[in-house]
Every structure is written in C-alpha cells, then in structure tokens.
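Hello,

Here is the structure I promised to pass on. Please open it next to this email, and then read my notes below.

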Amino acid sequence: MSYNEPPPPPPQYGQPSYGGDQPTGTSKKATWSLVSGIVSLLCCGPLGILAIVLGRQAQAEIATTGQQGAGLAKAGFILGIVALVFFAIQIIVLASGGVDFDFSTS
C-alpha cells in the first residue's frame, strides 16, 4: 500500500463492520428454557426435564460467551424444578387413591 493512495471508504449503512464490540444477543437456549418451563408448569410436567437441562446449558454458555439471558435461564431452570415437584406430587396423590374417580350418579 502506498501512502499516496486515499484510505478505503467506510462500509455502507447496514453492512457489517469488522472490529469493535458487537452485541452478542440473548441466548436461544435460555429463551427455550423459559418457554419449556412455563409450558411444563401449565400442562406437561415431564417437560420440566427439558427446561432444567436447557437452563443449565444456557447458564454455562452465557458464562463463557458473555451473551445475555442469565435471568431467563435461571427462571426456566426454577420453573422446570417446580413443575417436576408438582408432577411428582400429582403422581403420588393419584397412586395413593387420594382422588376418587367414581363419577356414577345414583
């Protein structure tokens, strides 16, 4: 490169620039952990296992990459645990006969 040449023009608007800190965004695993935690709490208890696994993986990923979403991962993890506890209580109550399914009318 010669010192007599002008510098290259700056990149056009909307094109990626190289260098500098780019925002890393929110972890997709953290988002899916929260979504699966909410769904497992509302209707499908065993889905809480997925929320726990994704929440733990997202927390590890966030610690290494610096992405955002630590709160989402923690909330999904906690909701997954709560959903599994409720599901276990439901199974115990049903197995012990605590609910009577006799719907006959006489």
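In which helix is A73 found? A73 is found in helix α3. One caution before the rest: this is a predicted model.

**Overall layout**

The protein has 3 helices and 0 strands. Along the sequence the pattern reads α-α-α. Of the 106 residues, 19% are buried. Take the contacts between residues at least 6 apart in sequence: 70% of them join residues at least 24 apart. The protein exposes about 8100 Å². Carbon and sulfur atoms supply 66% of that area.

**Helix α3**

Helix α3 covers residues 70–95, which is 26 residues. How far apart are its end C-alpha atoms? They are 38 Å apart.

The buried residues in α3 are A73, G76, F77, G80 and A83. What do the buried residues of α3 pack against? They pack against α1 (28–42) and α2 (48–65). Just after α3 comes G97, with a positive phi of about 80 degrees.

**A73 and S33**

Back to A73. Its relative accessibility is 0%, so A73 counts as buried. Leaving out residues up to four places away in sequence, A73 touches A30, S33, G55, A58 and Q59. A73 and L54 are 19 residues apart along the chain. Their C-alpha atoms are separated by 7.6 Å.

S33 is one of the residues that A73 touches. S33 sits in helix α1. Is S33 buried or exposed? S33 is buried, because its relative accessible area is 0% and the cut-off for buried is under 20%. Neighbours within four places in sequence aside, S33 is in contact with A51, L54, G55, A73, G76 and F77. Three of the names in that list, A73, G76 and F77, are also among the buried residues of α3.

**S40**

S40 is another residue of helix α1. Its relative accessible area is 2%, and S40 is buried. Where does the side chain of S40 reach? It reaches the backbone oxygen of G37, at 2.8 Å. Not counting residues up to four places away in sequence, S40 touches G45, L47, G48, L79, G80 and A83. G80 and A83 are among the buried residues of α3.

How many salt bridges does the structure hold? It holds 1 salt bridge. The partners are the side chains of E61 and K29, at 3.6 Å from N to O. E61 lies in helix α2 and K29 in helix α1, so the pair ties together parts that are 32 residues apart in sequence. E61 is partly exposed, at 24% relative accessibility. K29 is partly exposed too, with a relative accessible area of 31%.

T64 is found in helix α2. Is T64 buried or exposed? T64 is exposed, because its relative accessible area is 66% and the cut-off for exposed is over 50%.

**The nonpolar patch**

Now the surface. L41, I78, I81, V82, V85, F86, I89, V93, L94, V99, F101 and F103 form a nonpolar patch there. Together these residues have about 1100 Å² of accessible area. Which helix gives the largest share of the patch? Helix α3 does, with 8 residues.

I81 is one of the patch residues. I81 is found in helix α3. Its relative accessible area is 37%, and I81 is partly exposed. A73, also found in α3, is buried at 0%.

**To look at first**

Start with α3, whose buried residues pack against α1 and α2. Then turn to the nonpolar patch, where α3 supplies 8 residues. Finish with the salt bridge between E61 and K29.

Best wishes

Methods. Residues are numbered from 1 along each chain as its sequence is written. Side-chain values use heavy atoms; hydrogens and water are left out. Helices (H or I, at least four residues) and strands (E, at least two) are DSSP runs, numbered from the N terminus. The expected span of a helix is 1.5 Å times one less than its number of residues. Buried means under 20% relative accessible area, exposed over 50%, partly exposed in between (1.4 Å probe, protein chains only). Contact means heavy atoms within 4.5 Å. Accessible areas come from the Shrake-Rupley method with a 1.4 Å probe; for residues, only the protein chains shown count as cover. Patches are made of residues with over 30% relative accessible area and no salt bridge: like charges are joined within 9 Å, nonpolar side chains (Val, Leu, Ile, Met, Phe, Trp, Tyr) within 5 Å. A salt bridge is a side-chain nitrogen of Lys or Arg within 4 Å of a carboxyl oxygen of Asp or Glu. A polar contact is a pair of N or O atoms within 3.5 Å; within protein, one must be able to donate a hydrogen and the other to accept it, and residues adjacent in sequence count only if both atoms are side-chain atoms.
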